[in-house]
Amino acid sequence: MEAFAALGYKPEQVTKILLTHKHSDHSGELKSFPNAKIYVNAEEVSADELQGIDNIVPVAFTDGAYYNFPESQKIGDGIFYIKAKGHTNGNSIVIVENDGLFYMLHGDITYVDEALYENKLSIVYDDLAAARETLDRVREFVSKHPTVYCGTHTPQGYENLEGKIVVDLSNPPETIPAGEIVFKTATGKYVCSICGYVYDPAENDGVPFEDLPDDWRCPRCKQPKEKFNKA
């Protein structure tokens, strides 16, 4: 929310939010937008992460097919909400049409663009068969329409958006090597591999991460301790 404010926006100004899926690293700030209609796949509204939010609008995808995607809902002019089951059972995609381009805003269809080009599934899914079908449909769509592919867990998503970079499955982008890895003294901090939350003992009464109870979870995305890596 600090970054949102730094851009000059107030939560009260937001009138519509289209949720890709329930996971807390995507839904965790929904309560900060009191005036927004929050569109959620109807199959997802019972998720624990979404309880206590009064302004949710369940979406039943009653507008028929959107190109090769069988179920969709038109939210506004050029804005379409697409059922895309797999990563979660209520997973969805947002496609925005503008100036001849299709902006595909997705949660975790893939975590990095390399997976899209190499036709590899996300490592997390509720329904493997559905995840496979969804990725196949995404690849078919981007092969036939000029699509800007906007992921949320990789800088590629923001770079694609800023540069209006269109997917070309026959010409994958060059992967930049990590370079030489330098090992340094551990800081005592641990970083959540899902949402990036940093556990710093200095900010938690000096309690080392290793001494946290086994059932402790990330305060941001509720993932367990094993999802954290040493910093």
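Analyst: Let's start with Glu43, Glu71 and Lys83, which a network of salt bridges links together. One thing to keep in mind: this is a predicted model, where local features need pLDDT of at least 70 and side-chain atom pairs count only at pLDDT 80 or more, while totals for chains, interfaces and linings use all residues. Residues are numbered from 1 along each chain as its sequence is written, and side-chain values use heavy atoms, with hydrogens and water left out.

User: What makes the contact of Asp77 and Lys74 a salt bridge?

Analyst: The term needs a side-chain nitrogen of Lys or Arg within 4 Å of a carboxyl oxygen of Asp or Glu. The structure holds nine salt bridges.

User: Why is Asp77 called exposed?

Analyst: The cut-offs for relative accessible area are: buried under 20%, exposed over 50%, partly exposed in between (1.4 Å probe, protein chains only). Asp77 has 72%, so exposed is the word.

User: How far apart in helix α4 are Glu133 and Arg137?

Analyst: They are four residues apart, which means about one helical turn separates them. A helix here is a DSSP run of H or I with at least four residues, a strand is a run of E with at least two, and both are numbered from the N terminus. The closest N and O atoms of the Glu133 and Arg137 salt bridge are 2.9 Å apart. Glu133 has a relative accessible area of 42% and is partly exposed, and Arg137, at 23%, is partly exposed too.

User: What about Arg132 and Asp136?

Analyst: Their side chains meet in a salt bridge at 3.0 Å, N to O. Both sit in α4 (residues 128-144), four residues apart, or about one turn. Arg132 comes out at 26%, so partly exposed, and so does Asp136, at 37%.

User: What makes something a pocket?

Analyst: On a 1 Å grid over the protein atoms alone, a pocket is an open set of points with protein on both sides within 12 Å along at least five of seven lines (if a 1.4 Å probe fits but cannot get out, it's a cavity); lining residues have an atom within 4 Å of a point. The largest pocket holds about 1,500 Å³ of space, a volume being the space filled by probe spheres set on the points, which are joined across faces, edges and corners.

User: How many residues line the largest pocket, and which lie nearest its centre?

Analyst: There are 35, with Ile17, Leu18, His26, Thr152 and Tyr158 nearest the centre. Helix α2 gives the largest share, four residues. By class, 20 are nonpolar, ten polar and five charged, where nonpolar means Ala, Val, Leu, Ile, Met, Phe, Trp, Tyr, Cys and Pro, charged means Asp, Glu, Lys and Arg, and polar means the others, Gly among them.

User: Why do β10 and β11 count as edges?

Analyst: They belong to an open sheet of three strands, ordered β10-β9-β11 with antiparallel pairing. Each of the two has a single partner strand, so one side of each has no neighbour in the sheet.

User: How do you know that β9 and β10 pair?

Analyst: Pairing needs at least two bridges found by DSSP. Strands β9 and β10 have two, in the antiparallel sense, so they qualify. Tyr190 has Tyr199 in β10 as its bridge partner.
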